[in-house]
Amino acid sequence: MSEETKKRKMGLSLEGEKVILVPYMKSHVPKYHLWMQDSALLEATGSEPLTLDQEYQMQLSWSLDPQKQTFIVLDKELVEGKFVHGDPHVEAMVGDVNLYMNDLDNPNMAEVEIMIAETKGRGKGLGKESVLMMMAYAVENLDIHLFQVKIGDSNEASLNLFKKLGFEESSHSEIFKEVTLVLQITSEKQEEFLKFAGNVTCVKDWKLNARFEDFFARKRIIRAVLCRGNKKHPGSNKNADYKAQTCKTQTFTTNQLFASCSDLNFLNSFLHWTYNQSSGAVDIAFRQTNTSTSRWTAWAINPSGQAMVGSQALVAMQNSSGLIYAYTTSINSTSPSMQESDLSFPVSNLIATFDNGDMTIYATLHLPSNMLSTSQVWQEGPISNGGPGQHSMNGGNVKSVGSIDFRTGAASSGGSSGSSKQRRRNAFALLLRPKPDHKYRFYWNIYHHLIGYTTIILSIVNVFKGFHILQPADKWESAYIGIIVSLGVVAAILEAWTWSIVIQRNKAESAKHDNGVYGANWTNGHDARGPA
């Protein structure tokens, strides 16, 4: 994350007539967590209950994610003493307002979300002012041209609020009981927003232009405390060349540096790590590029081998609340539930971020010595019904395995060069093949057949190993067995036929030697008998 982006996210407060918007800080988490124990709030916001530790992880994730802008809403009437930027002013917390910029196809679109959690803060216009301040900030600083909100169709208060602000209904989901409203920022409205915002600089007042009064109901003054952020939307570079990326050129929003990295051969994936010998801990960052928030990402180590079952996995995805969420899960079957569970070793500092099509999982693994050199597995797939759905069963999804040695920095991934080395070795053997009449040709033939049949047997066994790992429907394995048996029968028939031909030729050659050139009837091609 650049210094400018840091200032935009954590170095900015907005002050209006009734509210002050401040960055979501660690000090806010306990009260925020208390709010989210209310079932009515969970239903209204479409959220899921989290533990306090998970709330702290969410706060850290939000603060690092450049695709999200989150402010805590403070009621100015409840601020004790003078407002000081950087002070959380927990006593004045009444809700939060969020901006999500996760649409890769339209980097100028943002989803707005507002929550006034404290009942004493409702009915005072705090939510309306907070939304307008956030929208003005987004138009001026983030180049947002389209706003969208998704609201439960039973939440009349929120629906009325956004409709009064000019939002229009674009769709309604009967399945999710949700209404989507949009507001297109036309050139005229953008000009009004920019005049409302003014030139946002350090400690400068923004005053609303008089002709914008009918939209905002009354004049307001918004003050930017400290410097504004980057005017360019952080996700606008959606056409980045992902294929050109290597692990050595990647940087991180956390500004972390890693001692080792590996370009994984499949699924646009990369692994970075630093091994701390004194503590035995491993700091890792797993990144998958060219993905989206409609898909999940996972990386795992598996002490039992290069397979899915037994994997100790880190998973990242966007949850139903629109948050990028990371958790651990132990894969104990071929049809895992992917529900959150503890691993066989401790994991700390687990967070995930999504930035410009890149999903990154950060974690510290506290591994026993026998797991510092192990197998690694990584995977990705669609999100279905709010959780990880079935990943593809072909292409890179079935090749995304390898090994990792955190101590030496050695790593490998699917598609290694072993088979090509074997092909080169066999080609070299052909160059050394003795002529048919050479005394060593017999031994070369043994080598040739041994390598060939061994390769065939190993290939067949490898396919059965794949069936064991992937556990497809029984009909596929039965069909494969039928094909192998059929080919075996055909091969046996052809082999018998070949040997019968060889035997016949040998007999013919033997007869030729017995009755041919040195036979009784011919001498140098002429009749052995003399003239009559």
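Q: Is Lys 124 buried, exposed or partly exposed?

A: Buried means under 20% relative accessible area, exposed means over 50%, and partly exposed lies in between (1.4 Å probe, protein chains only). At 27% relative accessibility, Lys 124 is partly exposed. This is a predicted model, in which local features need pLDDT of at least 70 and side-chain atom pairs count only at pLDDT 80 or more, while totals for chains, interfaces and linings use all residues. Residues are numbered from 1 along each chain as its sequence is written, and side-chain values use heavy atoms, with hydrogens and water left out.

Q: Which residue forms a salt bridge with Lys 124?

A: A salt bridge is a side-chain nitrogen of Lys or Arg within 4 Å of a carboxyl oxygen of Asp or Glu. Here the partner is Asp 75, with the closest N and O atoms 2.7 Å apart. Asp 75 is in strand 3 and Lys 124 in the loop between strand 5 (109-116) and helix 5 (126-141), so the pair ties together parts 49 residues apart in sequence; helices (H or I, at least four residues) and strands (E, at least two) are DSSP runs, numbered from the N terminus. Asp 75 is buried, at 2% relative accessible area, and a network of salt bridges links Asp 75, Glu 77 and Lys 124.

Q: How many salt bridges does a search of the whole structure find?

A: The search finds seven, among them one between Arg 295 and Glu 380, whose closest N and O atoms are 2.6 Å apart. That pair links strand 14 (residues 295-302) with strand 19 (residues 373-384).
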